[in-house]
Amino acid sequence: MGYTGVKVGNVGNKQNLDSCSINKEMSEIEFIRNIGFVAHIDAGKTTTTERVLFYSGRVYRIGEVDDGTATTDWMQQEKERGITITSAATYCRWKDYNVNIIDTPGHIDFTVEVERALKVLDGAVIIFCGVGGVEPQSETVWRQADKYKVSRIAFVNKMDRAGADLLSVVEEMRDKLGANAAAVQFPIYEDDELKGIVDVIRNEAVYYEDDLGEKMVRKPVPSSLSEVITKLRDELIERLAELDDEFMDKFINHKELKESDFIKTIRKYVLKNKFYPVLCGSALKNKGIQLLLDAICDFLPSPADLKVVKGLHPVKGEIEEIEVSPKAPFCALCFKVFTDPFVGKLFYTRVYAGKINTSSIVYNAAKKSKEKITKIVRMHANKQEIINQAKAGDIVCLVGLKETTTGDTLCDPKYPLLLEEMKFPEPVVSLAIEPKTKADQDKLFMALKKLEAEDPSFKVSYNSDTGQNIISGMGQLHLEVMVERLLSDFRVKARVGNPQVAYKETITKRVESVGKFVQQTGGRGQYGHVVLLMEPNKKGGVVFENKIKGGAIPRDFIPSVKEGVFNAANAGILGGYSVTDVKVTLIDGSYHEVDSSELAFKVAAEIAFKDGLKRAGSVLLEPIMDLEVVTPLEYLSQVIADLNVRRAKITSIADRKNVKAIRAEVPLREVFNYADVLRNLTQGRASYTIEPFYYEEVPKEILVKILGT
Ligand code: GDP
């Protein structure tokens, strides 16, 4: 096992480190909260985040989603759509706490972003709508949080709306999500208007006396609510006593249960994902947000609760642990790269252990290279605050890194470690994009490269046959957003095709293939000649190896051969889709003293590759998706019957309280507009999640349809 706190303390003879300063730093970690607001679209995440920033003093006026001025929704596309797409990281201070908020998107196409965010945060606030309750999409979000074992509290928003019902949402959380949930707050209405909130733990009422929600007054619980509050308090006590012996002991021995007993016990079981306190309020009407911030600090974990972070030692190949502490060796995960058209690249980084200063040198264990940090900034939506140091537990942006990409581990050069890599599925939807004018060509190329570096689920390739750039991503909306960024942020003028399924071509046989490009037209001619061995290779992509012996082709021309192979692989012979799972070995060739050129070898390689595809039993592969449909029982048979027509392999049908969850593997081609299909089949009552799973050969009858022959 690797670095324990003690071991690291001894490294470099640092026993005489001032223990006071270490204790101070350790206690600083306990006052950090890295959290996300997680919810399905429209539950009120952005509105809630906006209020949190207002009450914590980060913004001086409240921005609104509805008029496009929300602080975190700052990308143009988000302003237009009123939805949150990028996980913008925002920092604020609440009382003694430093709170980092990772804003997570709710749309299915952006699951990569949601999962990326969930991986780096310690706790989450799940927002439900007080009227809609636990909708199928909230279930999806809840399950994602389960997958990453994120500790949670719930905030039932929109309590100002007619029909909002806190206790039925709590009931639904228990029924549909199987969550051990209990209300710790209750709304106070006067003349149907939300006036305040009862704090069940402290047994007092909090009234808001102004529209901005800044003047809060604590008063006794109104007598009209005393019965329901007593019932809720008893229920809370019972649930906590069932979980915790110490709490039970105090309860049965009629000892006084103090506020601190509640907070300590709730926190303990929130951390274990065994209890979920439910709060309520109205973000739009500015009610309940300060209490929510208190609850975030009281109940959600600090980075120190993680205790250790595990990773793979890149040389020893063993799993090692680093203590989550500022005195341990530096170890951090870059979870997002964003190109700001003005500032350049920002590397969103979660520091797990150790500390760095501006100008620190860190080691990128994934890329095996050293990187120099030139600036450390805290992000406040799209504004930045320069800081001098980042420590264990912090979420910051680094500037100056050259080779780092999303998912890379940055560490102390002396203690290399690879944190668990983030896995990104292959993009499955693509579209063609062409510059409108010659002048836009370079601009488009540069912009596409930048976007590709930011987002591992976005890929760019060039089809030399049609002269088009092909961009691929996780779904239609994903590509739409990228195109809008190209057109507006990067100001590229381009023609854009319709989204399509991203098929791929591969070979089934091993062949040798010759490519010759010879032109003698007086003056200097062209001469390139290559022999390629092409073999199926399940590892993905195209792999090139040079095995030329005896200088049959001079070394200077080899990169051109490789370039020719990769160019040709961008568009295969079956419908022009990119080629994958092929190993190409350059085994022979010849050259001409005068006529050979880089261009001639590039073209020869393209000819050889295309010819090889024709004889190597090329087949088309299609993306198969992992689909989960959650539907009320009454629509089960319709949904299954429809899936059967769509070439789906149903792998399981599970019972969830009141609903059924159907799991299936289905070709993307068959579910391209599944949202509409499912809405019609189930009157909008079912929901689904879909993720790329694997690629599989297209059946013959479908191939004919795709190729139109
Ligand atoms: P997000 O998609 O989860 O980020 O949700 P938004 O914050 O964009 O809110 C979606 C819509 O619900 C917007 O029209 C908001 O004005 C509205 N909304 C948000 N919070 C509340 C609330 O507490 N009460 C009411 N009545 N509407 C709200």
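Helices (H or I, at least four residues) and strands (E, at least two) are DSSP runs, numbered from the N terminus. In the largest pocket, strand β26 gives the largest share of the lining, four residues. The model is predicted: local features need pLDDT of at least 70, side-chain atom pairs count only at pLDDT 80 or more, and totals for chains, interfaces and linings use all residues. Residues are numbered from 1 along each chain as its sequence is written, and side-chain values use heavy atoms, with hydrogens and water left out.

**The largest pocket**

- The largest pocket holds about 1000 Å³ of space.
- Its lining counts 41 residues, and Y503, K504, S578, V579 and T580 are the closest to the centre.
- A pocket is an open set of points on a 1 Å grid over the protein atoms alone, where a 1.4 Å probe fits, with protein on both sides within 12 Å along at least five of seven lines; lining residues have an atom within 4 Å of a point.
- The volume is the space filled by probe spheres set on the points, which are joined across faces, edges and corners.
- At least two lining residues come from each of β25 (429-435), β26 (459-463), β27 (468-473), β30 (504-506), α14 (558-569) and β35 (619-632).
- The lining has 17 nonpolar, 17 polar and seven charged residues.
- Ala, Val, Leu, Ile, Met, Phe, Trp, Tyr, Cys and Pro count as nonpolar, Asp, Glu, Lys and Arg as charged, and the others, Gly among them, as polar.

**Helices α12 and α13**

- Helix α12 (residues 438-454) packs on helix α13 (residues 476-489) at about 135°, with the axes 10 Å apart.
- Axes are lines fitted to C-alpha atoms, for helices over the stretch in contact, and angles run from 0 to 180 degrees between N-to-C directions.
- L444, A447, L448, L451 and E454 of α12 meet M482, R485 and L486 of α13, where contact means heavy atoms within 4.5 Å.
- By class, this contact has six nonpolar, no polar and two charged residues.

**Helices α9 and α10**

- Helix α9 (residues 245-252) and helix α10 (residues 259-271) pack at about 150°, and their axes are 10 Å apart.
- That makes α9 roughly antiparallel to α10.
- E246, F247 and K250 of α9 contact D261, F262, K264 and T265 of α10.
- Here the classes are two nonpolar, one polar and four charged residues.

**Around S590**

- S590 lies in strand β34 (residues 582-590).
- S590 and H529 are 61 residues apart in sequence, yet 5.3 Å apart in space, C-alpha to C-alpha.

Methods:
Parallel < 35°, antiparallel > 145°, perpendicular 65-115°, else oblique.
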